[in-house]
Amino acid sequence: MTTEAIREGVVGQPIKRVEDRRLITGRGRYVDDIQLPGLAYMAILRSPYAHANIKSIDIEVAKSMPGVLDVIVGADVPYNPLPMAWPAGGSAGIQNNVSTPRALATDGVKWNGEGVAAVVAETAEQAADAVEAILVDWEPLPTVVDAEKATQPGAPQLHSTAPNNIVFEWSVGDRDGTAKAIDAAEVVVKQRLVNQRLIPNPMETRGDVGMYSPGTDEYTIWMSSQTPHIQRLLLAAFVMGVPEHKIRCISPDVGGAFGTKIFCYPDYPLVLLASKRLNGRPVKWIEGRRENYQSTIHGRDHITYLEIAGKKDGTIDAVRVKTYANLGGRLSTIGPGIPTTLYARVLSGCYKIPKVYAEVVGVYTNTVFVDAYRGAGRPEATYVIERAMDLFAAEIGMDRAEIRRRNFIPPDAFPYENPSGLGTASGGAKIYIDSGNYEPALDKALATAGYANLATSKAEARRRGKYLGMGLSTYIEVCGVAPSKWIGAVGEGWGAAMWESANIRVHLTGKVVATVGTQPQGQGHETTYAQVVADELGVPMEDVIVQHSDTQGTPFGYGSYGSRTSSVGMTAAIKAAGKIKDKAKRYAAHMLEASVEDIEVNGADYFVRGSPEKKKTIQEIAFALDLAFDAPEGMEPYLDETAYHDTPNCTWPFGTHIAIVEIDEATGEVDLLRYIAVDDVGKKINPLIVDGQLHGGIAQGVGQALWEAAIYGEDGTLQSGSMLDYALPRAEWLPAFELDETVTPSPVNPLGVKGVGEAGAIASTAAVANAVNDALAPFGIRHLDMPLSAARIWAAMQAAGKGSSGSNGSSSSNGSNGSGGKEAQA
Amino acid sequence: MIPAAFDYSRASTVDEALALLMEHGADAKLIAGGQSLLPYMKLRLARPDRLIDIGRIDSLRGVRALPDGRLAIGALTTYAQLLDEPKVMGLALLADALPRIADVQVRNRGTIGGAIAHADPAADIPAVLLALDAEVVARSAHHGERTIPIGEFFEGAFSTALTPDELLTEIRVPSPSGSYGSAYRMLEQPASGFAIAGVAAVIGQTGGFSADAPIDDVRVAVTGVGERPYRAAAVEDALRGTKLGSAAIGNAVGAITDGVEVQGDIHADVAYRTAMAGVMARRALEAARERLNE
């Protein structure tokens, strides 16, 4: 397991993805590609109302429609509601008033799009037609879609068990100490920040095929899921009451997920029930795009009251936030965990801030549930702290890079435990920030961006009728969330462990099958696992195949999310390879008539120390040991080893992103001119894949800053209900990203990797938002909420131009800013 | 995303199409490229009982110059074909607008006739044709052929002067003598790509170019702003007879939404849309002025 050996092989090489041949030539196999004899099709009737009681449902007409095989309503479903696996843990206060969806609603609907009935028919077209023939007698109820308003007196109430629509009130950090520090501070800056709701938009919507086998009383489900093993556990033990070994979950190729496919969804038990009711005919349900917008989880949706306090020399003493987190009409699988553990506990970012206190109120509203979307809590935290640093710098008149530099956790402070951080695992082990060195990334990014010439660039833009702005985001994030003993001890995990698994077999022909518990959704795991295993065993990469995502035949794993696969899953693969090598060494000793202590390994070669000509290759050893004609006493045939890995700690990637924007004075349009990203993701298994992950993540984060917004009307109708009204970023709107790196290996895994799946999305939103706000500073605009659309910016410029505040929702404790006077207005 | 059931007929000739329209009339929808109609049908916002597919009537495809110099554009000519057509791309206004319409796939299928028959109030082509003073040729089995001035064609959002038995066959673009400049400027709604405000401007000196003479032909058409595309008569009146100086343009475009009920939505409220109509009008007029003698 020496890293020296790894470096000489394919790990670290920019190898093209082996899965791309099938995926980009249309030969992938997604859920909708599954064809089975007798396949029937399901469509779901979704509520047109955001809040309503169901007085009655008339299914008679629908049942008589052509091709209709079955119509199912909530009362027909014998299963439990879906589980909620990650309650907000720790502190006191109102705790986790849990209401989760059922396969079909029985007690009324809580959002526009909640499923109330399902039709199964011979064709998808017939199912879609028959769904329209179901007659529901609705009793519409008052609605509330805003998390802060939902907690106020008189707001419509969603659940009798959750007074004032509060799911939980949770806090972390030193409340009294933070209050004292803020009261005593030289400077305090306050701001209300809205982190708007987003629709994740994977290219492949969700979908399932359910099949019940009457002969064996077993269930099989093909699902577009990030977590097939977890889904089997949840469906068996919590939802359906079916023994776990009687359910098989298969995730075929998954066309993107961004977190949305981690969770347990109502359609999983529904397709299985539908198949059972048809005595085993397989049933397919494929989500339409509009349906995806209405019924798959959304992301973000925070309203935050921020206070940041410190000294005029730029030292930050304390940060206090109160955040209202919109969790939707019912709770998704780990909804409460996102704005608590994954947001509030990383709120201090890469800064050494002595006092941090965060209150989070989880709230029900008449909207679809909110859960993890790429970054999950960390983009929200990064946005808050990076806006806070800019606001504080502006208040005291300090350079924005300088204030960051001044407050960075210094490189000699690692491992570093932050004051509101992830806490202590059972047995006393601390969850700490593993490693970091933040200034080199900042310096590199500043140099590339030409930060020193910013004033000149701004003046030049003004001559063209533009306002130029530059924004910094010196982000940090937590990846590879672990270990299990922390998840269990703090009570803030998702009620499950956090290890990973891998099985490696070396077949008689020397070809290697690696079977893993994680589940790719576009990250290229079939390539990167093969790189790692090939190097560990000294075999060519093309001799390794990576299998995954089927509970039948893969070891249990917790799946892929939270940028955890490389740190946790690939360490399990390295351990399994280590076991293979140990056994191969013992057999090589037998073959070479040497003592096992004298066997040395170099790549594929196992030789007697001092006599390199006396050697056997891993392929020769596998051949002989698979035949086992000459196996020594006590040695089992075959090279087949499984390993489980529970990582000792999380990993903490970091870096500096810089966005440079220009704003058109007449229209408010933002043009993203340049984007510079210096990321430290530790060591890289495949730099090409790392760059691809960064590109996609940055684009998504820019999308939030400038264009994307899920908008519900006051009546709870999803107004941004299709791609005609929900603006995803387009390649032509983005500049060529300027990527660079620093490399600080993580000490918590043998590869030294930190994870990269979310970094781009975590960093870029704040960088672009800071750049736009910087560009608007000449108008006296201190802060604008996202998305920083042309219309919003234009309105703010107009308001500022007319002498009003123009700082949408801002407030200032010390009253010296936000004056709104224009300074450099043309 | 599955349309409601519908019947389907394919017409191979104009006469077949007219006969099918006679038979099915208001219950049927013509489909050409399908780039607007099919998405609406998939969302079940449109539910025609029957589609009459005219997509393979080759006689309705292509661009030709009429003897009097006018350009005749067949209704089924796709955006992609227009982009490849020098006679079309020679008109600066169309050269501005066509490359911005949707994406390559849509431009390969979508037709100019379909675009105006669909009459989306934020589409680009209607404003362009309004500013060009185009004519629409329609034919029916009963009444034969008639010509509809483009100014009378758009009656409201998704509503035109075409009767249920009529087939739009051709669009004719005049070729006035004199010196002309034109431009199209639009602010895009980022999700749909349709206009928050789009303005097509045509300006001319009918007696030929003269740096000292006033502009005596001004046409300004607006899309995305009202419930239908319109000519901004107040702006045209204010600028006709001027030399189209920047100050004159700046003053005139303040009237760009006069008499129009400006629409507001989640992307742009009435104030923003009104202001952007003015900005786009100014930019289109200034660009047209630059091109006057090209």
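Let me start with a term: two residues are in contact if their C-beta atoms, placed from the backbone, lie within 7 Å. With that in hand, take chain B: among contacts between residues at least 6 apart in sequence, 67% join residues at least 24 apart.

Okay, some housekeeping. This is a predicted model, where local features need pLDDT of at least 70, side-chain atom pairs count only at pLDDT 80 or more, and totals for chains, interfaces and linings use all residues. Residues are numbered from 1 along each chain as its sequence is written, while chains are lettered from A and ligands numbered from 1 in the order in which they are written.

Staying with chain B, we have 11 helices and 14 strands. Helices here are DSSP runs of H or I with at least four residues, strands are runs of E with at least two, and both are numbered from the N terminus. The radius of gyration of chain B, taken over C-alpha atoms, is 19 Å, close to the 19 Å that the globule rule gives for 294 residues, so chain B is as compact as a globular protein of that length. That rule, by the way, is 2.2 Å times the number of residues to the power 0.38. Along its principal axes, the C-alpha trace of chain B spans about 60 × 50 × 35 Å.

So where do the two chains meet? On one side there are 21 residues of chain A, in contact with 16 residues of chain B. Helices H4 (124-132), H9 (289-295) and H20 (790-801) of chain A each supply at least two residues of the side that touches chain B. H4(A) gives the most, with 4 residues.

Now let's look at a sheet in chain A. It's an open one of 3 strands, in the order E19-E20-E21, with antiparallel pairing; strands pair if DSSP finds at least two bridges between them. E19 (599-602) and E21 (611-617) of chain A stand at the edges with a single partner strand each, so one side of each has no neighbour in the sheet. E19(A) and E20(A), residues 605-608, are joined by 4 bridges, and A:Ile599 has A:Val608 in E20(A) as its bridge partner.

What lies across E19, E20 and E21 of chain A? That's helix H16 (residues 565-592) of chain A, running at about 125° to E19(A). For angles like this, axes are lines fitted to C-alpha atoms, for helices over the stretch in contact, and the angles run from 0 to 180 degrees between N-to-C directions. Helix H17 (residues 618-627) of chain A also packs on the sheet, touching E20 and E21 of chain A, and makes about 50° with E21(A).
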